[in-house]
Amino acid sequence: MLMPRKVKHRKVQRGNRRGKAYRGSSLSFGDFGLKAMEPAWVTDRQIEAARVAINRHVKRGAKLWIRIFPHKPVTKKPAETRMGKGKGAPDHWVAVVKPGKIMFELEGVPLALAKRAMELAARKLSVPVKFVSREGGELKA
């Protein structure tokens with residue numbers, strides 16, 4: 001799964017999910033993209049599942065960019081543990097996604113194939129998304 005090689009702090013606070021994504025809110029690399037509509041934490045497993053779904057559908061005939069990375073560790077205490085005694089150990093990693101963030105970009109395939117591949121990827125994610133294309137028109141995913 002995706003995770004950073006090294007982090008400054010092993011455990012971090014939750015933070016807030018307010019605001020919009022100003023950086024990374026437009027297509028930079030590919031012709032088609034998947035844009036987040038709500039704030040969410042996207043786990044490393046969800047990102048990997050979406051990547052596999054896209055690559056399988058386009059039969060590796062396209063260039064794919066993953067524009068999010070799970071930098072935030074989420075901690076969890078063991079099951080059946082009493083309250084207190086500090087924060088739990090890091091359990092998994094998440095990417096903080098804000099509304100407007102382009103999560104995946106795709107290039108080198110026709111519109112219909114790209115749209116279907118992004119729909120398959122959208123089912124793997126825990127956030128409502130929209131299919132966007134460089135031609136200007138935004139289509140709801």
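## A briefing on a predicted protein model

Strand E7 (residues 129-133) is mostly covered, with five of its five residues buried; here buried means under 20% relative accessible area, exposed means over 50%, and partly exposed lies in between (1.4 Å probe, protein chains only). Helices (H or I, at least four residues) and strands (E, at least two) are DSSP runs, numbered from the N terminus. This is a predicted model, where local features need pLDDT of at least 70, side-chain atom pairs count only at pLDDT 80 or more, and totals for chains, interfaces and linings use all residues. Residues are numbered from 1 along each chain as its sequence is written, and side-chain values use heavy atoms, with hydrogens and water left out.

**The whole protein**

- Two helices and eight strands make up the secondary structure of the protein.
- Taken along the principal axes, the C-alpha atoms fill a box of roughly 55 × 30 × 25 Å.
- Of the 141 residues in the protein, 40% are buried.
- Among contacts with a separation of 6 or more, 79% come from residues 24 or more positions apart; contact means heavy atoms within 4.5 Å.

**Strand E7 and its partner E1**

- Which way do the residues of E7 point? Val 129, Phe 131 and Ser 133 point one way, Lys 130 and Val 132 point the other way, and all are buried.
- E7 runs antiparallel to E1, and five bridges join these strands.
- Within this pairing, Gly 33 stands opposite Val 132 in E7.
- As background, strands of a sheet pair through backbone hydrogen bonds, either parallel or antiparallel.

**The three-stranded sheet**

- Three strands form an open sheet in the order E2-E5-E4, with antiparallel pairing; two strands pair if DSSP finds at least two bridges between them.
- Its edge strands are E2 (40-43) and E4 (72-76), each of which pairs on one side only.
- From one strand to the next, the twist averages 50 degrees.
- E2 and strand E5 (residues 89-97) run antiparallel and are joined by four bridges.
- What is the bridge partner of Thr 43 in E5? The partner is Val 94.
- Helix H1 packs on the sheet, where H1 touches E2 and E5, and its direction makes about 65 degrees with that of E2.

**Two helices packed together**

- Helix H1 (residues 44-57) packs against helix H2 (residues 111-122) at an angle of about 150 degrees, and their axes are 8 Å apart. Axes are lines fitted to C-alpha atoms, for helices over the stretch in contact, and angles run from 0 to 180 degrees between N-to-C directions.
- That angle makes H1 roughly antiparallel to H2; angles under 35 degrees count as roughly parallel, over 145 as roughly antiparallel, 65 to 115 as roughly perpendicular and the rest as oblique.
- On the H1 side, the contact is made by Ala 50, Ala 53, Ile 54 and His 57, while H2 brings Leu 113, Arg 116, Ala 117, Met 118, Leu 120 and Ala 121.
- These contact residues divide into eight nonpolar, one polar and one charged. Ala, Val, Leu, Ile, Met, Phe, Trp, Tyr, Cys and Pro count as nonpolar, Asp, Glu, Lys and Arg as charged, and the others, Gly among them, as polar.

- Not counting residues up to four places away in sequence, Ala 50 touches Phe 104, Ala 121, Lys 124 and Leu 125.
- Ala 50 and Arg 123 are 73 residues apart in sequence, and 8.0 Å apart in space from C-alpha to C-alpha.
- Met 3 sits in the segment before strand E1 (32-36) and counts as partly exposed, at 47% relative accessibility.
- Leaving aside neighbours within four places in sequence, Met 3 is in contact with Phe 69, Pro 70 and Trp 93.

**Two lysines with a positive phi**

- Lys 59 is not a glycine, yet has a positive phi of about 55 degrees. Lys 59 lies in the loop between H1 and strand E3 (63-66) and is exposed, with a relative accessible area of 70%.
- Lys 85 is not a glycine either, and has a positive phi of about 60 degrees. Its place is in the loop between E4 and E5, and Lys 85 is exposed, with a relative accessible area of 84%.
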